[in-house]
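User: Hi! Could you walk me through this structure, one step at a time?

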Amino acid sequence: MAIEIKNASFAYPNGFVAVENVTMTIEAGERVAILGQNGAGKTTTVKMMNGLYRPSQGDVFVNGINTKDQTAAKTARIVGYVFQNPDDQIFNNTVRAEIEYMPRYFKLPEEEIQERIAPAVELCDLKKYLKKNPFDIPFPIRKFVAIASVIATQPKYIILDEPTAGQDKHGTELLSNMINVLQSQGVTIITITHDMEFAANNFHRIILMAHKNVIADGDAREVFWNEPAVEDARIKKPVIGELAKRLALGGKTLFIDEMVEKL
Ligand SMILES: Nc1ncnc2c1ncn2[C@@H]1O[C@H](COP(=O)(O)OP(=O)(O)O)[C@@H](O)[C@H]1O
Ligand SMILES: [Mg+2]
């Protein structure tokens, strides 16, 4: 079980090629963070994973099936995608209706609908917002509404496109906890983020994208200490890593405990 992108390129209708000859495999059960500058092609790449986009060249396989050989709706039931901008995703008048929408669309029995809603609401801490109009609540919380509605569809893979944008400490902690719980249930988590601490703390594997392609892929420590790749992707090392570099502590230090020990 895996998502396999093989030599995939994607051109938008205006002809602009946003992703060029990308190859990557994400095994079921992994948690992977995709990092890189705005415009690097991250969102385009993950939209190919869930069938929203089909590659113009190359192939994407989800659990062995080419996304070209099944409907986008079918791929999306296996690979859930939470939009970078929740306003591109949310369309119901209440938070509850938004989260229940897909389970109701699947025509599940009422009991099962409620069994899916409850954990999604809990993981996203949305209980007190259920009766609200999603557009009357702050952006970072609206983002959690978008996440909860994807969790309620129970996909095998969940893609979070910049979930950390605008989140405070509580929001970031909710995300970390959610990722742990979902992974313990066998869900594969793929995240795009600009928060390097969040990436280092929660994801063991990091994929760096730049110039429409993958420029580094591997263990978080190795990737963050790959100086040419970090520079090329124009990302920052996590603060502790940067400090360790300036202090020449060695050992590819990435976390505060390691730093304290070395000092
Ligand atoms: N609908 C579109 N039409 C044309 N170009 C687009 C469209 N959406 C995105 N792009 C361009 O494709 C490139 C990659 O975009 P995207 O995948 O969103 O990057 P990232 O998520 O890494 O910021 C950018 O240069 C962006 O301007
Ligand atoms: Mg993006």
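Predicted model: local features only at pLDDT ≥ 70, side-chain atom pairs only at ≥ 80, totals over all residues.

User: How many bridges join β6 to strand β7, and in which direction do these strands run?

Analyst: One residue pair to look for is Y81, which stands opposite I159 in β7. Strand β7 covers residues 157–161. Its link with β6 consists of 4 bridges, and the two strands run parallel.

User: Which strands are the edge strands of the open sheet?

Analyst: Start with the order of the 6 strands, β6-β7-β8-β3-β9-β10, in which the pairing is mixed. An edge strand here pairs on one side only. That gives β6 (79–82) and β10 (213–219).

User: Which strands does α5 touch as it packs on the sheet?

Analyst: Good one to check by eye! The direction of α5 makes about 170 degrees with that of β6. The strands touched by α5 are β6 and β7.

User: Are helices α3 and α5 roughly parallel or roughly antiparallel to each other?

Analyst: Their axes come within 7 Å and cross at roughly 30 degrees. Angles under 35 degrees count as roughly parallel. Therefore α3 and α5 are roughly parallel.

User: Which helix gives the largest share of the shell around ligand 1?

Analyst: The residues surrounding ligand 1 include K42, T43 and T44. By class, this shell has 4 nonpolar, 7 polar and 1 charged residues. Its largest share is 3 residues, and they come from helix α1 (residues 42–49).

Terms used: Residues numbered from 1 in each chain as written. Chains lettered and ligands numbered in written order. Axes fitted to C-alpha atoms, helices over the stretch in contact; angles between N-to-C directions. Parallel < 35°, antiparallel > 145°, perpendicular 65-115°, else oblique. Near = placed C-beta within 6 Å. Nonpolar A, V, L, I, M, F, W, Y, C, P; charged D, E, K, R; others polar. Pairing = 2+ DSSP bridges. Contact = placed C-beta atoms within 7 Å.
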